[in-house]
Every structure is written in structure tokens, then in C-alpha cells.
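Please read the sequence and the model side by side, and keep both in view while the paragraphs below move from the whole chain to its details.

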Amino acid sequence: MGAVKGLKLYPGYEPFYPHDNRLKVVYDLAVEYDVPVMFHSGDTYSPKGKVRFAHPLHIDDVAVDFPDLKIVICHVGNPWIRDCMEVVYKNKNVYADFSGLVLGDFSDKFERYMKNQLEEMILYAGEPEYLLYGTDWPISSMKTYLSFMKQLDLPADKKELIYWKNAAKLFKIDVAALKTVNDAKNMKVKAQ
Ligand SMILES: [Zn+2]
């Protein structure tokens, strides 16, 4: 129990819509065990993907039909970030992560573009209690994402939400327990 923290489905990479009836059983199970379902959304890294299936607007149907299901729109629907922000804004059970926006590192121009997009999202959808940090490592580097976070015009407490607090709550991660495990590991390293 509790070993599975979340599920990720890949519409776009695979030809199905999030509101496909065949997935009802998955969503019912996810609700029963209170496990979030993450959806790949937006661009597919592979040119063989069919992006109409990955448009974030389709996720609204699932959010409405399964109000108790917790949903994450991965990659903020990039490049359909406006559609993603509307789905996040209107459904309190929908979250979004901004992982995998670049292959490798942000260029200066793209970083500025994405900074504006995310700030617009927060302006529109409100306090970023729905927004999750993520890199999609090894596709994007942790270093480039940390410097991207520094560029965001947000107070430190809101950034803490995005960095880890929102995710810890959503995925029910006992952060205090992780700290204990890490402290124990560090002590072992020191003792050696
Ligand atoms: Zn993905």
C-alpha cells in the first residue's frame, strides 16, 4: 500500500484521448486509492506522435467527469499553454508541471519566452498551488531548470510551493521521513 505514487499516461505518443471510455477503470482505481494521474501533453518528442491526442483541452473532459480524480497536465501543454491554464483555472482537481520544455539547456530567448508564459499562467490561474517543478531529466538538465526558476518573478514562498511543497502534498510524500533516511545515509558515509 502506498508504493504507487502516481500514474502517467501518454496520449499523443499513443493514439488515444484522455477521455477514452476504456480508461474509466483506471480513473476509478486512481480515485479509490487517491493516486494522481499524470498526462503527457503537448509536443511529442517523437515525430511519430499524433499531437491532437495530446492537446491539454481534452483533459478538461476527464477533470469534469471525475471530480475526485487528481490530474497533472505534464509540460503545461506546451505549446498550448493558454489552453492548459484554462483547464487548470477552472478545475480545482487539475495541476500542471513544466517539465521537459527543452532538450538540454534553455537558450536565453526561449527562457525569456517561457518565463513570460509561466508568469502569465500564474496571473491568470492565480496562486501557484497547482504548479509543479519538474525537469524531465535526463531530457532537460536540473541546472538549467534551477536557473530558470531563479528568473521567475515570484516571492520565495511561492517558489517553495512550486519546488516541492505542492508535489509533496499531491503525491502524499512524507518529507520528514525522507529527511531521516537521508540523515542516516549521510551518517554512514561520514563513518566510513
Ligand atoms: Zn511527457
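What share of the contacts in the protein chain with a separation of 6 or more is accounted for by residues 24 or more positions apart? The share is 74%, where two residues are in contact if their C-beta atoms, placed from the backbone, lie within 7 Å. The model is a predicted one, in which local features need pLDDT of at least 70 and side-chain atom pairs count only at pLDDT 80 or more, whereas totals for chains, interfaces and linings use all residues. Residues are numbered from 1 along each chain as its sequence is written.

The protein chain has seven helices and five strands, and along the sequence these elements follow the pattern β-α-β-α-β-α-β-α-β-α-α-α; helices (H or I, at least four residues) and strands (E, at least two) are DSSP runs, numbered from the N terminus. The radius of gyration of the protein chain, taken over C-alpha atoms, is 17 Å, close to the 16 Å that the globule rule (2.2 Å times the number of residues to the power 0.38) gives for 192 residues, so the chain is as compact as a globular protein of that length. Along the principal axes, the C-alpha atoms fill a box of roughly 55 × 45 × 35 Å. Of the 192 residues, 32% are buried, a residue being buried if 20 or more other C-beta atoms lie within 10 Å of its own, exposed if 12 or fewer, and partly exposed in between, with C-beta atoms placed from the backbone.

The five strands form an open sheet with the order β1-β2-β3-β4-β5 and parallel pairing, where two strands pair if DSSP finds at least two bridges between them. β1 (7-9) and β5 (131-132) stand at the edges, each with a single partner strand, so one side of each is left without a neighbour in the sheet. β1 is joined to the parallel strand β2 (residues 37-39) by three bridges, and L7 stands opposite V37 in β2. Against this sheet packs α3, which touches β3 and β4 and whose direction makes about 145° with that of β4; axes are lines fitted to C-alpha atoms, for helices over the stretch in contact, and angles run from 0 to 180 degrees between N-to-C directions.

The two strands that α3 touches are themselves paired in the parallel sense over three bridges, and I73 stands opposite A96 in β4. Both faces of β4 are covered, with V94 and A96 buried on one side and Y95 and D97 buried on the other.

Helix α3 (residues 81-90) has I81, D83, C84, M85, V87 and V88 as buried residues. What covers them includes α2 (59-65), β3 (71-73), β4 (94-97) and α4 (108-125). The axes of α3 and α4 come within 10 Å and cross at roughly 30°; the two helices are therefore roughly parallel to each other, since angles under 35 degrees count as roughly parallel, over 145 as roughly antiparallel, 65 to 115 as roughly perpendicular and the rest as oblique. Their contact is made by I81, M85, V88 and Y89 of α3 together with Q117, M121, Y124 and A125 of α4. In an α-helix there are 3.6 residues a turn, so residues three or four places apart point the same way.

The loop between β3 and α3 deserves a separate look. H75 lies in this loop and has a phi near 65°, a positive value in a residue other than glycine; V76, found in the loop as well, has a positive phi of about 40° although it is not a glycine. H75 is buried, with 24 other C-beta atoms within 10 Å, and V76 is buried, with 28. P79 lies in the loop between β3 and α3 too, and a cis peptide bond with omega of about 10° joins N78 and P79. Most residues other than glycine have a negative phi, and most peptide bonds are trans. The peptide bond from W137 to P138 is also cis, with omega near 10°, and P138 lies in the loop between β5 and α5 (142-151).

D65 and K24 are 41 residues apart in sequence and 9.7 Å apart in space, C-alpha to C-alpha.
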